[in-house]
Amino acid sequence: MEYSRFNNLDIEGRYIFLDNDFLSFVFEEKDALSKLQELSEKNNLLMIDYFVKFEFLREVFIPEKINLKENFVSDKGFNSSDNNFKTFEKLQENAIFLSKLYAHQKQKTNYKGSPGLVDLFLASRLMMHTETAVVATGNIKDFPATLFDIIDVWNVLQQDGAMRTFGFLKLNKEKFNRCVSELDKLENKK
Amino acid sequence: MEKIVGKNRFYIADGEPINKGIGFNFDKEAVKRLEVLVEENKKITEKYKKTMMVGV
């Protein structure tokens with residue numbers, strides 16, 4: 001496989017939350033594992049959210065594959081995110097609030113994405129670690145540009161000739177505050 | 001961390017530095033362990049693809 005980088009900015013000292021499509025890609029392509037090691041060497045922690053783990057494991061019916069996937073996602077090279085109930089409550093409030101912001105921005109821009117539950121919870125995680133967390137995802141459109149910045153892009157040319165693109169995105173606090181303020185103005189209109 | 005703006009409450013934090021002391025590194029050993037699983041996955045996928053093609 002060949003990798004090319006778009007921004008060539010070093011991602012350092014971050015919590016990198018892996019989206020399911022990214023994790024599934026790594027599970028299929030062993031060359032990608034050494035790329036993850038390179039990220040880890042730059043003081044990054046690879047994080048797996050509970051919902052991503054659920055998505056990764058669901059709908060697998062071949063018994064040997066279930067075991068393999070469970071062993072893969074539970075490997076100690078990956079870090080499970082904090083899942084206590086107090087954190088979950090906060091993430092849930094963030095997810096609902098983000099869904100309102102997305103819907104409001106959708107009315108104002110050409111944004112066409114429709115993020116699902118897992119994407120909302122991943123975005124909520126990014127809110128909890130604004131400057132230090134990024135999400136690695138192939139579904140860049142699920143993280144609208146009105147709130148998120150792409151800090152790096154990986155283009156991967158696979159052996160079968162297919163091209164995959166993964167983005168590393170972070171929440172932009174200024175954009176976020178602007179969206180919050182716009183929604184607040186709307187809600188206070190009579 | 002908690003913020004209330006108008007009718008909305010949410011939780012947002014500034015960038016506290018990453019605490020690697022609480023996490024695990026994705027090191028060469030992790031790569032070795034997971035490569036085995038990825039290879040095994042390929043074999044299983046191939047095996048079931050053939051089984052399904054002949055309708056067994």
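Trainee: In which sense do β2(A) and β3(A) pair?
Mentor: This is a predicted model, in which local features need pLDDT of at least 70 and side-chain atom pairs count only at pLDDT 80 or more, while totals for chains, interfaces and linings use all residues. Residues are numbered from 1 along each chain as its sequence is written, with chains lettered from A and ligands numbered from 1 in the order in which they are written. Strands (E, at least two residues) and helices (H or I, at least four) are DSSP runs numbered from the N terminus, and two strands pair if DSSP finds at least two bridges between them. For β2(A) and β3(A) there are three bridges, and the sense is parallel.

Trainee: Which residue of β3(A) is the bridge partner of A:Phe17?
Mentor: In a regular strand the side chains alternate between the two faces of the sheet. In β3(A), A:Leu46 and A:Ile48 point one way, and the other way point A:Leu45 and A:Met47. Opposite A:Asn79 in β4(A) stands A:Met47. The partner of A:Phe17 is A:Met47.

Trainee: How many of the 12 residues of α6(A) are buried?
Mentor: A residue is buried if 20 or more other C-beta atoms, placed from the backbone, lie within 10 Å of its own, exposed if 12 or fewer, and partly exposed in between. Among the buried residues of α6(A) are A:Phe121, A:Arg125 and A:Met128, and their cover includes α5 of chain A and β2 (8-11) of chain B. The helix is largely enclosed by the rest of the structure, because the number buried is 10.

Trainee: What span is expected for α6(A)?
Mentor: The expected span of a helix is 1.5 Å times one less than its number of residues. α6(A) has 12 residues and reaches 17 Å from first C-alpha to last, close to the expected 16 Å.

Trainee: In what order do the elements of chain B run?
Mentor: Chain B holds one helix and two strands. From the N terminus on, the order is β-β-α.

Trainee: Is B:Leu34 buried or exposed?
Mentor: B:Leu34 lies in helix α1 (residues 28-53) of chain B. Two residues are in contact if their C-beta atoms, placed from the backbone, lie within 7 Å; not counting residues up to four places away in sequence, B:Leu34 touches A:Leu33, A:Phe72, A:Asp75 and A:Gly77. With 23 other C-beta atoms within 10 Å, B:Leu34 is buried.

Trainee: How many residues does chain B bring to the contact?
Mentor: Chain A brings 37 residues, with α2 (31-41) and α7 (173-188) among the elements that each supply at least two. From chain B the number is 33.
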